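Reader: Could we go through this model together? I should like to begin with a backbone detail and then turn to other topics.

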Amino acid sequence: MVGIVSYGAYVPLRRLGPGTQGWTAAGEKAVANWDEDSLTMAVAAAIDCLGDIERGTVDGLYFATTTSPYGEKLAATTAAWAADLRPDIITADITDSLRAGTAALRMAADAVKAGSAKRLLVTASDLRMGAGGMDGGFGDGAAALLIGDKDVIATIEGSYSLSNELLDVWRASGAKQVRSWEDRFVFEEGYLKILPRAVKSFLEKSNLTARDITRAVFYGPDLRRHRQMAGLLGFKPEQVQEPFFDKLGNTGSAFVPMMLVAALEDAKPGDKILLASYGDGADVFLLKVTDKITGIMGRWGIKNSLASKMIMRSYSDYLAFREFAASDPERFGGASASVIARDRDAIYTLHGVKCLTCGTVQYPPQRICTSCHTKDNFEPYRFADKKGKVFTFTLKYGADVPGFARPMVDTMVDFEGGGRAIFGMTDMLADKVKVGMDVEMSFRTLGAGGGIHNYFWRCMPPRPSAEGWLGKETK
Amino acid sequence: MESIKDKVAIVGMGCTKFGENWDKSADDMLVDAASEACEDAGIEMKDVQAVWFGSTRINTAEPCTTALKVDYIPVTRVENLCATASEALRNACFGIASGVYDIVLAIGVEKLKDQGMGGLGTVSGAGGNGTIEWGMSAAMFFARMATRYMAHYGLTYGELKQVLAKISVKNHYNGSLNPRAHFQREITEEQAINAPMVAWPLGLYDACGVSDGSAAAILCRADMAKKFRDDYILVKGLGLAVGARQGYLQPDYDMVHMEETVRASQQAYAMAGIKNPFKEIDLAEVHDCFSITELVIMEDLGFCPRGKAPEYVRAGTFKLDGELAVNPDGGLKSFGHPIGASGLRMMYEIYKQMQGKAGPRQRKNPTLGLIHNFGLNPGSGIGSVTILGQRD
């Protein structure tokens, strides 16, 4: 039966919260670093989801978002390259709706059912900016779900969709910020009306009542309406998946998939999970957890991601991040479409080479081996999942480094299993960087120059799960 | 393989003032340096039979030809990053040593200050790749080596900074005695240590500046040098080693030495018959693009054992009145680094020192001098070593 084979999630390290100068909301929200966007977060979630699963067994990748880095140009292909998937797979971006995540889930399940693919990776990721007070409630993050029909940890038992034409929350093409109509109209004619209608229809159709559901995972625009919705749907508080409004924020099209990952982290065999997303209508799913759930291990997931955090110094730094992301098209230019095409395995997949004559691994790929000088006798070697140690580093204070990123950390990394290469470091505290420290790799963007997003890998300290690891970002 | 030793003589040299030469174009500086060299050799430009012209920014020979009006003779533009000017001389030497030409000109120029350049530049994708190796500056390349030097030899940040400061103070002092230097003022160790960071652990005074300049040499066959002057000097050895990025690719590279410098010096020492460089060489002009670079070069050239350069620096060994004067003219620290001119500028100092014309910087009876350049970065560089000496 078709269902979820594996899950993964990504919450960026940084938070706006109490202690952030200029931040007035009571809770925290997760915000992407300046070198992250919806695509890089999706890649992190995808890699978390795939764990030790053989990448060659994945037949497709869907990227669901309302904030794709490109208006025309698939992001799913970039994500697939970064996740080291095969090229003969299905790729699609599912966009423009808060329901994009669940729409992608349905499309993936249908594709598996139809036999178009055996395993499809659904990623949902968003990095939204809101007009006025909306932005305070928005958080950044991503989830990934591997859909298949073998070894599933949760089967998809049924689903229901409702389409609704309404301008309640929207973002016009070219606009940066999400807008909404007045609150009473938005909630009473939209969310509070449509989601209950869809959920009730589905439960009736399935001969189920709210009591039959172990865990209810459903969208909410904010904590107040989410609580109101639980009452409207007839769920008791203990049935309701925590929505993380005060820890994560509303992550748009990734919100319901991320809550689902959190629900799966706590799920037991036999649990029934109701999934309901909202946006231009509603999608409802019923999932039944299988005994395979106990075999899922080593996922970074939601709980660990949320626990590992760095409170940002100031709200203005966050605004500078977003300003940078939106960036001056000339800034940090230099990415070349033809170079990226030629070297995409090296740049996006972080493939180096292993010499088949002497076994030396090396990055970037060489034509002639650095050690034995044999020509063209290599196999690809994936560095993205290798851990390493900082061999040396420098902190860059140049005038070309934006204030919020100064000093920039540049490292030379020696990898476990061999190989040495140069990478910028991200999500670190510059004054804690040391020779010999452990690092792992993360897919990031180096900025947008000339309208080209310049994606590449950077190293970072492993994110420990202990609460308050980095504490407050300091000068 | 034959040695170049004693086959080629330098009979004239010229060098402009280095600095922010707002009032001079590359053409002006080429004319000034070449004219001084010709005058010094007692020849006219029309006597020059071939030219090797070094520049990293002017990427053809034509501007040099046009500026100097060296009509209808071979003019070749050479480029090898920071070793560009030395490469002009090296290739010119082969033109002479082959017997094809009798009198040639080696000249280098760089006009960096017309390009709004404030510091040795950001390399956006070395090797033409705009993504991998994005956004690196020369300071970062060498800062990595400084970090490694601390880790490798167990030096604290404070200990390293003090040693580096002594190098910068020395070079600024030497430069204060040199009217052709860009910066002609002394600095203190405290200034150097407390200067704003450029690329940790390197601060402002650990870095050389950016300037404009040109330098030139007239070469001829050694057996005809006496026709021009008595105090000509001889090329004793030439070494050039270009790295294949092995230090970037191979984790066994320690990043506290620059293999290309070691190899280039071995080539040059072998040609010159030098067995003990520290004892035999009187003066060395080395590539102090950053203070850490000079520190490591002292070990790479065999002037002191590995890891001992800080001791030698603290002892004042490389000061103008030390056992082996390093960068007696003030170095890149005082001159800045107009890339295509620097090697010949260094040779100019050795040449003048050999002739006893170095003014307040004059060392007593020097017989053997070394010129060193290093391009690109530790782990993947271009090392160049030239040995010049007195005639017998």
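**Helices and a sheet**

Author: The model is predicted.

Reader: Is helix 13 of chain B enclosed by the rest of the structure or exposed?

Author: Of the 13 residues of helix 13 of chain B, 13 are buried, so the helix is largely enclosed by the rest of the structure.

Reader: And what should its 13 residues span?

Author: At 1.5 Å a residue, helix 13 (residues 342-354) of chain B should span 18 Å; the C-alpha atoms at its ends are 19 Å apart, which agrees.

Reader: Changing topic: at what angle do helix 4 and helix 10 of chain B pack?

Author: Helix 4 (residues 138-153) and helix 10 (residues 291-300) of chain B pack at about 60 degrees, and their axes are 9 Å apart. Helix 4 of chain B is therefore oblique to helix 10 of chain B. The crossing is left-handed.

Reader: Which residues make the contact?

Author: Helix 4 of chain B contributes Phe142(B), Met145(B), Ala146(B) and Tyr149(B), while helix 10 of chain B contributes Ile292(B), Thr293(B) and Val296(B).

Reader: Now chain A: what is the strand order of the open sheet?

Author: The nine strands follow the order 5-4-6-8-1-9-14-13-12, with mixed pairing. Strand 5 (90-95) and strand 12 (215-218) of chain A are the edge strands.

Reader: How many bridges join strand 4 to strand 6 of chain A?

Author: Four bridges join strand 4 (residues 60-65) to strand 6 (residues 119-126) of chain A, and these strands run parallel. Leu61(A) stands opposite Leu121(A) of strand 6.

Definitions and conventions
Residues numbered from 1 in each chain as written. Chains lettered and ligands numbered in written order. Predicted model: local features only at pLDDT ≥ 70, side-chain atom pairs only at ≥ 80, totals over all residues. Pairing = 2+ DSSP bridges. Helix = DSSP H or I, 4+ residues; strand = E, 2+ residues; numbered from the N terminus. Expected span 1.5 Å × (residues − 1). Buried ≥ 20, exposed ≤ 12 C-beta atoms within 10 Å, placed from the backbone. Axes fitted to C-alpha atoms, helices over the stretch in contact; angles between N-to-C directions. Parallel < 35°, antiparallel > 145°, perpendicular 65-115°, else oblique. Left-handed = near helix turned anticlockwise from the far one by under 90°. Contact = placed C-beta atoms within 7 Å.
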